[in-house]
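User: Could you take a close look at one part of this model for me, the open sheet and the helices that pack on it? I'd also be glad of a few words on the aromatic side chains elsewhere.

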Amino acid sequence: MIRFKHILFIALFLLPGVVQNTDAQIFGIQVDPALQWQTLTTEHFRIHFHQGLEDVSYEVASIAEEAYTSLAKEFGQAPKTLDLVLIDSFDFSNGSSNPIYGEVILIPSATRLSDWANVRLDSWWRMLIFHELVHAIELDMTQGVPQILRNIFGKISVPNLIKPIPFIEGLAVYEKYKNLGESRFNDSHTRMILRQMVLDNNIPSFDEIKQYYSRTEWPTDGFLVYNFGSWLIDYIEETYGKDALARFDRVNSGNLMNVFFFSDLNETIKKAFNVSADDLYTGFRAWLKDQFSGEIIKLQQEKLTTPVQITSLGFITGEPSWSPDGKWIAYTHSDPGRRDLRLITLKGEEDHEITTGAIISHPSWSADNLSLVYTKLDYDSPYYLHSDLYRYHLDTQTEERLTTGSRAFFARFSPDGKGIVFAQDVDHDGSTALSHLDLQTREIQVIKKFSDGNGIIHSFSFSPDGSKIALALLVRGGYQDIYVLPASGGDLTPVTQDKNQDMDPAWTPDGQYLLFSGDADRVYNLYAFQVSTGSFFKVTNMMTGAFTPAISPKGDAVAFTSYGSRGYDIVQMPLDSSTWKTATLPRDTIPAWSGYAPHTQSSQPYNALSYLMPKGWFPVPTNTGASLFAFGADPLFRFIYSGVAGWDFKANVPTYNLSLQLNASFPINIELSLAPEGMKQAVSFSVPLALSLTGGQSLMLGYERSNLKPHHEDDKDDKKDEDSSDFANKVVPLTQTLHLQYLFNHVRHDDLFAERLNITTGLDLWNREGSNQWYKRLILDWHEEFRLPLLDLNTLSTHLKAGWTDGTQATEKFELGGSSSSFPLRGFDKKSFTGKQAVTGSFEWASSVISIKKTLAHWPIFINELGVDLFAAAGMAGDQLNLKEIHVGFGVELTLTTTISYFAQVQWVFGVAQGLGQPTPKFYFSVSIPGLL
């Protein structure tokens with residue numbers, strides 16, 4: 001018969017994304033069971049929200065219905081009902097759409113949006129909702145045979161998922177621009193990066209932008225599929241007509257081959273646009289150059305600012321902070337190999353890392369040069385991923401966590417040095433506050449709060465005398481401007497009032513000028529505001545942008561972030577007011593926001609059980625019968641289920657294999673199965689003991705009750721035994737098993753060097769029906785990997801596994817040998833050695849050989865790279881271990897890493913191994929989906 005894991009493997013390929021949340025996680029964490037959830041129902045939406053988001057839910061409802069009407073008209077189809085989940089568990093701005101489940105997840109946090117997004121719309125909610133609803137509606141489209149399959153089997157047919165990612169993410173960015181007038185499509189950052197591509201004559205190939213993959217070159221794959229991809233979509237609509245995208249979607253969503261991953265993009269494009277895919281992209285590249293040639297000439301007509309480059313790492317390098325003694329610049333950096341806080345001299349020398357972490361940002365020096373304060377993202381608990389305050393002590397080279405759960409995202413030492421002033425998320429709805437942390441008492445006091453999401457702090461700085469704070473603030477209506485606030489709180493005094501994205505204010509040491517970065521004319525430059533006269537000056541004229549100014553302690557120079565061919569870097573130039581040009585900035589009247597609109601409709605308590613119906617199902621034939629596969633979940637993933645149920649005609653018995661996950665304080669997994677080979681009932685749960693973005697510890701407990709006859713699918717001799725009458729009549733006693741497993745993982749970074757350690761220890765206790773004896777099994781699995789200081793894949797790893805049992809039956813002993821068994825020893829046949837004790841160890845060196853980055857023709861199969869793995873391994877097994885019986889093997893593996901469709905990364909491994917003393921080498925082949933199987 002086909003076992004359940006084989007059916008799950010089929011489901012993964014037929015249903016991309018079905019198991020994306022099989023561990024009941026939203027963006028990688030559990031939903032806090034203490035949250036109280038309500039559901040607001042509208043014509044087309046069920047909006048699920050927790051306490052603190054009541055008013056927001058009605059705003060979301062209004063925006064979502066408005067967007068639904070517009071998008072349903074444009075695409076011609078739309079789901080009758082969608083689930084929107086509002087959850088404030090994360091200190092980053094994001095959302096997601098799952099067309100399989102008809103669900104959209106929305107996160108309130110909108111901090112520092114202008115670092116990467118266009119904030120000129122009236123609210124973050126409108127930006128986020130419209131983007132995700134494009135996905136929810138457009139990806140749901142079906143035509144022809146896929147529509148018939150959808151009508152019969154539910155959401156097993158999602159053909160619009162099978163297309164290049166720019167046609168998914170780039171489409172959403174473009175649609176937002178086309179319908180709302182602003183998006184990342186016309187954002188100043190996007191225009192800057194595209195302008196540099198044209199200047200460098202380095203526009204990426206079609207293959208480079210089709211998929212997400214392990215890209216180590218700038219720009220990132222995220223920029224290529226979102227921002228760059230939106231310009232491809234614009235070109236298609238401009239060149240092939242306003243209905244071009246609708247034509248493409250009609251053809252693509254009716255393509256039966258998309259259901260099986262074998263569609264040819266070239267044929268779809270030919271049918272939709274009457275042009276080949278290669279010719280379409282060639283035309284786009286020429287068109288893109290034309291879009292920026294005039295802009296480049298115009299910028300070059302004025303004398304361009306020529307600062308001196310300090311750093312040279314590229315990618316995301318920025319946020320300079322000048323040490324009080326003027327000797328060092330602290331800055332942050334992120335690339336595919338590292339995320340860290342670094343120091344460098346003004347001449348670009350002695351560049352070195354001082355600490356690492358996820359999303360370290362906005363360093364600030366203490367007045368004594370001895371420490372830096374910054375914010376960093378990490379877990380508060382299994383339920384919250386928050387940003388907090390940290391301080392690095394340069395004299396002791398140690399990091400100190402100052403807060404937990406403060407949700408701080410920008411910080412500066414207070415003028416008196418006794419505290420830290422920081423911006424923080426508050427109230428669940430995206431609101432922010434400016435607060436003060438007393439370093440002695442650790443008490444936090446709010447200086448100024450901006451309620452109802454009307455006032456999202458971006459950045460701030462103290463005046464030289466400490467009496468005022470310059471603040472970059474985003475208010476309702478899409479206005480991000482510079483304000484001045486008394487240091488003790490009070491009323492805001494506006495400095496700028498326009499739709500330019502003004503940010504990162506910095507005072508000159510004499511207090512006469514306030515510098516900031518702004519994108520007038522959609523090009524970021526540094527501007528200066530003269531405090532005494534209210535006049536504005538343009539400080540730089542950059543082709544490649546100017547951000548995050550930091551003024552030297554003497555006031556004679558400014559360091560700032562700028563862009564180049566390899567990404568962002570830090571530059572510096574003299575700060576000479578005689579070279580500045582007078583600037584005239586518009587002065588708008590910002591409409592007053594009157595608060596959330598009144599509402600009369602009431603919400604209802606969230607009911608997970610109303611979502612029990614399967615999202616989809618399909619028949620699965622087996623060797624001796626037939627079965628049905630089905631899956632489902634509620635929007636909050638309080639329960640997730642999948643399973644197979646059917647009938648075995650040969651044995652004339654029902655069969656099923658059901659998996660259910662229930663989520664309360666921690667996930668509880670339940671598995672029930674019945675087959676001619678026997679039955680199994682199991683329950684398990686995992687409890688986190690420690691949790692961090694750099695590692696964690698957890699404890700898994702489980703109980704199993706079964707009398708399944710053993711399977712030996714990969715061994716022909718055992719299969720003959722299974723088919724024999726002796727095997728068919730064999731009675732397997734009912735066995736009870738207790739599982740206890742401890743898992744430890746940790747990642748340590750040191751600049752480009754990294755170490756990853758995973759340790760698993762397990763204890764099984766079991767007894768058989770009719771016996772009072774409990775048997776034991778102990779297993780230790782130690783895997784340590786070292787990434788060598790190179791950006792491309794280059795690792796050394798060691799793997800040690802040991803086991804001991806006092807089980808007496810042959811099936812309870814350890815089996816050593818083969819390439820894919822629980823105790824592998826490549827170069828020997830599977831189960832070459834057995835016993836109550838077993839040990840294996842291996843040493844491997846893996847490296848990327850060829851970076852391919854090509855699609856297979858125009859099919860949705862992206863070939864990322866070819867890697868090589870040289871290994872040597874040793875092992876032994878027996879009822880008593882004997883070093884004289886140790887066996888050694890060595891060999892080489894070639895690993896082809898591919899991405900199929902939007903979701904599935906697939907690795908194809910071809911290996912050859914020679915066991916010492918074996919007459920011939922062993923050849924093997926395997927396919928795996930990392931993280932899923």
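**The open sheet and its surroundings**

Happy to walk through this with you. Strand E5 (residues 82-86) and strand E7 (residues 103-106) run parallel to each other and pair over four bridges. Within that pairing, Val-85 has Ile-105 of E7 standing opposite. Please keep in mind that the model is a predicted one.

Stepping back, E5 and E7 belong to an open sheet of six strands, ordered E6-E7-E5-E4-E3-E33, with mixed pairing. At its edges are strand E6 (95-98) and strand E33 (604-605), each of which pairs on one side only.

Now for the helices. Helix H2 (residues 54-75) packs on the sheet and touches strand E3 (37-41), strand E4 (45-50), E5 and E7. The direction of H2 makes about 155° with that of E4. Helix H3 (residues 124-138) also packs on the sheet, where E4, E5, E6 and E7 are the strands it touches. Here the reference strand is E7, and the direction of H3 makes about 160° with that of E7.

**Aromatic side chains elsewhere**

Phe-910 lies in strand E50 (residues 904-915) and Phe-925 in strand E51 (residues 922-928), so the contact ties together parts that are 15 residues apart in sequence. As for accessibility, Phe-910 is partly exposed with a relative accessible area of 44%, and Phe-925 is partly exposed at 46%.

Lys-376 lies over the face of Tyr-390, 4.7 Å from the ring centre. The charged end of Arg-476 sits over the ring of Trp-593, at 4.2 Å from its centre.

Technical notes. Residues are numbered from 1 along each chain as its sequence is written. This is a predicted model: local features need pLDDT of at least 70, side-chain atom pairs count only at pLDDT 80 or more; totals for chains, interfaces and linings use all residues. Side-chain values use heavy atoms; hydrogens and water are left out. Two strands pair if DSSP finds at least two bridges between them. Helices (H or I, at least four residues) and strands (E, at least two) are DSSP runs, numbered from the N terminus. Contact means heavy atoms within 4.5 Å. Axes are lines fitted to C-alpha atoms, for helices over the stretch in contact, and angles run from 0 to 180 degrees between N-to-C directions. Buried means under 20% relative accessible area, exposed over 50%, partly exposed in between (1.4 Å probe, protein chains only). A charge sits over a ring if NZ of Lys or CZ of Arg is within 6 Å of the ring centre and within 35 degrees of the ring normal.
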